[in-house]
Amino acid sequence: MGWLTPVLPTWVSIVAFVAAALAIGVFGFRLAGVVNRLADRTGMGEALAGAVLLGATTSAAGTVVSVVAAADGNASLAIGNSVGGIAVQTAFLVVADLVHRGANLEHAAASLTNVFNAVLVVFLLAIILMGVAAPGWTFLGIHPASAVIVAVYAYGLRVGRSIGIEPMWHPRRTSDTQPDEPAQHDPRESLSGLWARFLGLALVVVVAGWAIGRSGVSLIETTGISETLVGTFFTSVATSIPELVTTVAAVRAGALTLAVAGIVGGNTFDTLFVPAADLAYRQGSLYDAATRSDVFVLGWTIALAALVALGLVRRERGGIGFEGVAIAGLYAVGVVVVALLG
């Protein structure tokens, strides 16, 4: 790597990785509970709170990795870290479904906002793919696709909030549906105190996530593995640990809508890694530097995101459902193909 990411001694990287993972496991679990209470106290709702508060917080470490990689001139690592993170976080929904042990998670956590965000992920990933295929134009060093992604994401947040306030249709209630209803709150717990706890826990998770990404990059620097493979399966998985922990914590706490929202909302936020990395990449267009492997990872992740949207719409009741099996299978196939592409 470049001067922004000097290689750490192996033992330092291993100690940092383990310590950061433990910190995320402990504090990430608490973060999900605080966000759940904030969703109730502020009237934001679990779907929007999961997409904005939980999703953005747990994704911050991945942003740092993509930006640093791009600034060092490693375009494929930056893209693979962003898009690969979306792929692995989508696979985490299968883990959450298994932890739930009740009806299909997408059925029980019925939410129009989650459906909208799942489709929005597909749209944002498609813009990235079109940017890769388009000419490598830049304006002030930025590709037009980056500006479009940021604008669509911002507009999507606005529409997502309006959907949560005034939905035009509602998912049908069944005996397995667990609606997002505000829980009774402790009157001794102030709203300002909740926000303070959220910011403190978020800071710990962000720093720990950054440490995982940082130590992970150092550990793999001398292996000679391709940037796409490293970004898709090493740094992206490492920096996605907060999403896994907070999602499982939300499911165990019964906040099913929050659990799904933390993944699909976090995935929409993760697409912003690419514009951020494009801004940091100073060797032309980040999109123009994408490789054949990067294009495959983009298409593969679009398919995974689409399966989530299909599962949320179909709402199969039993077990992990067709989308859970399909996501697990497609993720496994993608791992093999990316490894073969190198």
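This is a predicted model: local features need pLDDT of at least 70, side-chain atom pairs count only at pLDDT 80 or more; totals for chains, interfaces and linings use all residues.
Tutor: Residues are numbered from 1 along each chain as its sequence is written, and side-chain values use heavy atoms, with hydrogens and water left out.

Student: What share of the 342 residues is buried?

Tutor: Buried means under 20% relative accessible area, exposed means over 50%, and partly exposed is in between (1.4 Å probe, protein chains only). On that scale, the buried share of the 342 residues is 53%.

Student: Are α5 and α12 roughly parallel or roughly antiparallel?

Tutor: Axes are lines fitted to C-alpha atoms, for helices over the stretch in contact, and angles run from 0 to 180 degrees between N-to-C directions. The axes of α5 (residues 112–133) and α12 (residues 292–314) come within 9 Å and cross at roughly 165°. Angles under 35 degrees count as roughly parallel, over 145 as roughly antiparallel, 65 to 115 as roughly perpendicular and the rest as oblique. That's why α5 and α12 come out as roughly antiparallel.

Student: By class, which residues make up the contact of α5 with α12?

Tutor: Contact means heavy atoms within 4.5 Å, and the residues involved include Val-115, Ala-118 and Leu-125 of α5 with Leu-298, Ile-302 and Ala-305 of α12. Ala, Val, Leu, Ile, Met, Phe, Trp, Tyr, Cys and Pro count as nonpolar, Asp, Glu, Lys and Arg as charged, and the others, Gly among them, as polar. The tally is 19 nonpolar, two polar and no charged residues.

Student: What does their angle make α1 relative to α9?

Tutor: Helix α1 (residues 10–42) and helix α9 (residues 241–252) have axes 8 Å apart, at an angle of about 50°. Because of that angle, α1 is, relative to α9, oblique.

Student: Which residues in α9 does α1 meet?

Tutor: On the α1 side you have Ile-24, Gly-25, Gly-28, Phe-29, Leu-31 and Ala-32. This contact has nine nonpolar, three polar and no charged residues. The α9 partners are Ile-241, Pro-242, Val-245, Thr-246, Ala-249 and Ala-250.

Student: Is the pair of Trp-195 and Phe-198 stacked or edge-to-face?

Tutor: Rings of Phe, Tyr and Trp (its six-membered ring) pair if their centres lie within 6.5 Å; planes under 30 degrees apart count as stacked, over 60 as edge-to-face and the rest as tilted. Trp-195 and Phe-198 sit three residues apart in α7 (residues 191–220), so about one helical turn separates them. Their ring centres are 5.9 Å apart with planes at 85°, so the pair is edge-to-face.

Student: Is Trp-300 buried or exposed?

Tutor: Trp-300 is stacked with Phe-296, 6.4 Å centre to centre and 10° between the planes. Phe-296 has a relative accessible area of 27%, so it is partly exposed. Trp-300 has a value of 3%, so it is buried.

Student: Which residue forms one aromatic cluster with Phe-296 and Trp-300?

Tutor: Phe-296 and Trp-300 are four residues apart in α12, which means about one helical turn. The cluster they belong to also has Tyr-331.

Technical notes
Helices (H or I, at least four residues) and strands (E, at least two) are DSSP runs, numbered from the N terminus.
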